[in-house]
Amino acid sequence: MIGLRGLVAGAFFASESYLPYLLQEQYGAATWVSGLVLTVATLSWATASQVQGRLGERLPDESALRIGSVLLAVGVAMILAIAALALPGLLVGVGWLFASAGMGLMFPRITSAVLKRTAVQERGTATSAITISDSVGAAVAVAVVGLVFTAIGTAADRGAFVGVLVVAFAVSLVAVAVSRRT
């Protein structure tokens, strides 16, 4: 589960780091509009997190992780398709709602599931491992997509954004596979 946390952080934050740039450079969105997309997605994350918390044991940890990872992959796939096919930029926000809802389902559940399965004296080590996995997963993924972006082109090249999203989608698919093994 700790590895899953790094994978989903990588897929999510690698995508998110380029969304405002994509919206501004390829769709001509104002800065406030691209910021609004991130804000609404934050509300989606928070809402999904609250829903999974209220469901408690009625939504087993394994189901929350599987559903959340699929929602993340679907959201990134939608944005990838939107960018690749030059579909309307408004749809990027819809895709990001799915991805953020998936994160809201998974992130808190990964922590609680790891702590449930960890002996009391090992919980400090487990929470440190979760935090390190988050940070390393996100940092490595953002670095890799940065390299992909600059290797393909510039902000004027839609293909550079598509390359970033292909990598993020691939990572999200690995997360889906890993979530099925938890």
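**Aromatic pairs**

Author: In this predicted model, the count of aromatic pairs comes to nine.

Reader: How are the rings of Y21 and F149 placed, stacked, edge-to-face or tilted?

Author: A pair of aromatic rings is described by the distance of the centres and the angle of the planes. For Y21 and F149 the centres are 5.7 Å apart and the planes stand at 40°. Planes under 30 degrees apart would count as stacked and those over 60 as edge-to-face, so the pair of Y21 and F149 is tilted.

Reader: How many residues apart in sequence are the parts that this pair of Y21 and F149 ties together?

Author: Y21 belongs to helix α2 (residues 19–27), whereas F149 belongs to helix α6 (residues 123–152). The pair therefore ties together parts whose separation in sequence is 128 residues.

Reader: Is Y21 buried, exposed or partly exposed?

Author: Buried means under 20% relative accessible area and exposed means over 50%. The relative accessible area of Y21 is 34%, so Y21 is partly exposed.

Reader: Which kind of aromatic pair do Y21 and F161 form?

Author: Their ring centres lie 5.4 Å apart, with 70° between the planes. Because planes over 60 degrees apart fall in that class, the pair of Y21 and F161 is edge-to-face.

Reader: Which helix holds F161, the partner of Y21?

Author: F161 counts as buried, at 2% relative accessibility. Its pair with Y21 of helix α2 ties together parts 140 residues apart in sequence, because F161 lies in helix α7 (residues 158–179).

How values were computed. Residues are numbered from 1 along each chain as its sequence is written. This is a predicted model: local features need pLDDT of at least 70, side-chain atom pairs count only at pLDDT 80 or more; totals for chains, interfaces and linings use all residues. Side-chain values use heavy atoms; hydrogens and water are left out. Rings of Phe, Tyr and Trp (its six-membered ring) pair if their centres lie within 6.5 Å; planes under 30 degrees apart count as stacked, over 60 as edge-to-face and the rest as tilted. Helices (H or I, at least four residues) and strands (E, at least two) are DSSP runs, numbered from the N terminus. Buried means under 20% relative accessible area, exposed over 50%, partly exposed in between (1.4 Å probe, protein chains only).
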